[in-house]
Amino acid sequence: MCTASAREPTMDELQDWEYVKRGITLWLNNMPKAAEDSFKDRPSSVHIVAGHTFISFMNAVISWETEKMNEAQSRLRELEKQCAGDVGWLKSVRSKLFGSSEPRKSLTETLEEQIILADSQLCLAILVSLGQDIGGFVKGGWLLRKAWKVYQHTYQQIYQLYSEQLQSDGDASFPQAPLRLQQQSKDGDAGMRVSLDLGTPCSADWTVPNSTLQSPDDSSKWSSHLEALRKSKTTTFELADSGRGEGSSFSELTSSESDPSGSGGSVKKSYTTDFVGITSPSRAGSSTESLDHNDTNGLENVTVARDRLMLDLGQGSARRVNGLHGMQPPPKASPNWRSFNTPAGESHASDEILPEDIHRLMGAISFGYGVFQLSISLLPPSLLKLISFLGFEGDRAMGIACLSFSRQSTDMRAPLATLALLWYYTIVTPFFALDGSNLSMEISAAQELIDEANEQFAKSSLFLFFRGRVERLKSHIQDAIRAYELAYRSSAQREIKLLCLHEIGWCRLIQLDYGTAMRNFKELKVCSQFSKSFYSYLTAICEGSFGQFSNLVKWREEILELINRSPQKDSQIERYIFRRCLKLPRAESGEQPKYSSSLYWKYLVFEMLFLWNALSSCNEEQLASMVADCSQPTDAFSEPMVGISRLILGACLSCLARYEEAIGAFRECIFMRETLEHQEQQDMHISAFAYYELAVLLLRQDTAGEDGRAEARRLLLHAQQHFKNYDFDNRVSVRIHTVLKRLD
């Protein structure tokens, strides 16, 4: 017989954050109306508003529809205004001068509102940047700057509380936090270690008003401490292995080790940091990670598991002499230690914070902080100077570590942290090719996350969607389609249904099933509000590949009209579709033989698979079919773009591990492009990709020697310096930057 203390609390008995977590769980388990109603039934609070807003944000990101995005942005601005007003400096001044009729917020409530404020600014930045136009990036950058200021300050506050609680409990009740950061000692292995500064150079001058924790009171000490950090350029990773001590670290590791693309810096490249991890089995390197065969330090044999990085909170009193970030340490933890910031006559009860609340808040701040780090680290090199100017950089390893910690917490954001990690492993990494062609680690990590969530979210359409993504990355296309179809039937939300239909269409394209893919994309063109021109173009090239040529002229006219009417006409995807639309026949040009050849349209389909990094999901039979088509004799009129067949041929041969033949195909592609007298601007991506792919294959060959490495460097530098403003130039420039950095 169960006791009364063991019974499940009713909805009315739940705290607001627990109530919101239940609502998010309902939404994830295909009950969006029940989730919406639950938020309406509860008296409004900042948690309830935040939960409702997070769901609106996810609907917008899933659908990419203008109406949904505008609604989410409106909600986020209202939430930002509410939280900023509660912690604003004007309200703080009024309260101190004239007193306040409102009850004083507890420390837990204050920290929670700071986290929600930063989360709302981060989500706004993501939404306004999705258009990928210059104005969106500028607005997004400013919002990220605002979010960063709140995140770094709040992270310091909660980290301090968490570390003190962990020390007082003797590591018994709390798990390790996401990242272990140590300051390299001034006198070799001896001396004191202090934690890494999470702020920007001017972070000491900024505080969240009404904060109940003290900021550094000696600006000269703070400035000198930061200056000392900036002078060092060494980053070391110390292995927390039982057989290794302080002297087992290896140094001078560049930020690309934690950032495979090279697009994101370390936490701060100018700081000296020890990332202390747990030894993990080494994995096979990616196409870029395996390039450096002459690494005498043996870096490739020492891999720190990204999701197992931890905060170093167990160094005892020696580490706490200087406190957090070189600040003077607060008094020993006691019920009244925060009283130095409490106005006279007020009760200290509002400054009390329970250990379980500290742990939950650490999970809460880790979610937004982790998403922030990942978002910044994915920006292209062309924006890195702007980001550095704004005063922050991203660290992909820390982002993953923070999200891994957050998902194991009790906070309402825990399920969202799991979704964020699945998004990174199954969508971002494959699309941007952050780890080259080797995705074994990402596939394994995503599969583990899905298996762990199976008990609670087995029938969730979103988790079924990500299961389909994992199966697709494994090249199990039929299993992926079954998962997407089940997610489609399970979902009660139009946005998720359209997302699954999109993925089913791509799976059919990977299978080279042009007829079925054509019908899928035509349905999406009618139902979806996201880039109708994109789905129209996919439908057109599938029709041509399927042997239906009668509607191609109509498709060209319709696509051009859709682009002209689109509010996102300056976005990257719309510009790409406009360039490809020029490859479709015009009515006044009359009938031309190439437009009546299915091979012409197949080349355009193969190009889509190549640019979206989907060739690696094809099986051997499909790759062999593409190799046969791309090996056909060509002339200036049989290809939609000169050299496209040989570029795809090289990529397919590389997927089949026929590297010598692939090198020959890429060389032939480059030769065809160089002999073209007038290279069209919109086709320049073929040359850039061919130069990059050839360089990577030359570096992969063990027999290449110094001559091969020298040729590869020349190819990369040529592509970097001579090709600009082509399709997906940001992605190629990220890869070239990464390889050149490793060669150096």
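This is a predicted model: local features need pLDDT of at least 70, side-chain atom pairs count only at pLDDT 80 or more; totals for chains, interfaces and linings use all residues.

Author: Residues are numbered from 1 along each chain as its sequence is written, and side-chain values use heavy atoms, with hydrogens and water left out.

Reader: What percentage of the residues in the protein is buried?

Author: Buried means under 20% relative accessible area, exposed over 50%, and partly exposed in between (1.4 Å probe, protein chains only). Of the 744 residues in this protein, 56% are buried.

Reader: How many helices and strands does the secondary structure hold?

Author: Helices (H or I, at least four residues) and strands (E, at least two) are DSSP runs, numbered from the N terminus. Here there are 27 helices and 3 strands.

Reader: How is the packing of two helices described?

Author: Two packed helices are described by the angle between their axes and the distance between the axes. Axes are lines fitted to C-alpha atoms, for helices over the stretch in contact (heavy atoms within 4.5 Å); angles run from 0 to 180 degrees between N-to-C directions. Consider helix H23 (residues 644-655) and helix H25 (residues 684-700), whose axes come within 10 Å and cross at roughly 30°. H23 contributes Ile 644, Leu 647 and Ser 654 to the contact, and H25 contributes Ile 686, Phe 689, Ala 690 and Leu 697.

Reader: Which other pair of helices might I examine?

Author: The axes of helix H14 (residues 461-473) and helix H16 (residues 494-510) come within 11 Å and cross at roughly 15°. H14 and H16 are therefore roughly parallel to each other. Among the residues that make this contact are Phe 465 and Arg 469 of H14, and Glu 503 and Trp 506 of H16.

Reader: Is Ser 571 buried or exposed?

Author: Ser 571 counts as buried because its relative accessibility is 7%. Ser 571 lies in the loop between helix H19 (552-565) and helix H20 (572-581). Its C-alpha atom is 8.6 Å from that of Leu 130, although 441 residues separate Ser 571 and Leu 130 along the chain.

Notes: Angles under 35 degrees count as roughly parallel, over 145 as roughly antiparallel, 65 to 115 as roughly perpendicular and the rest as oblique.
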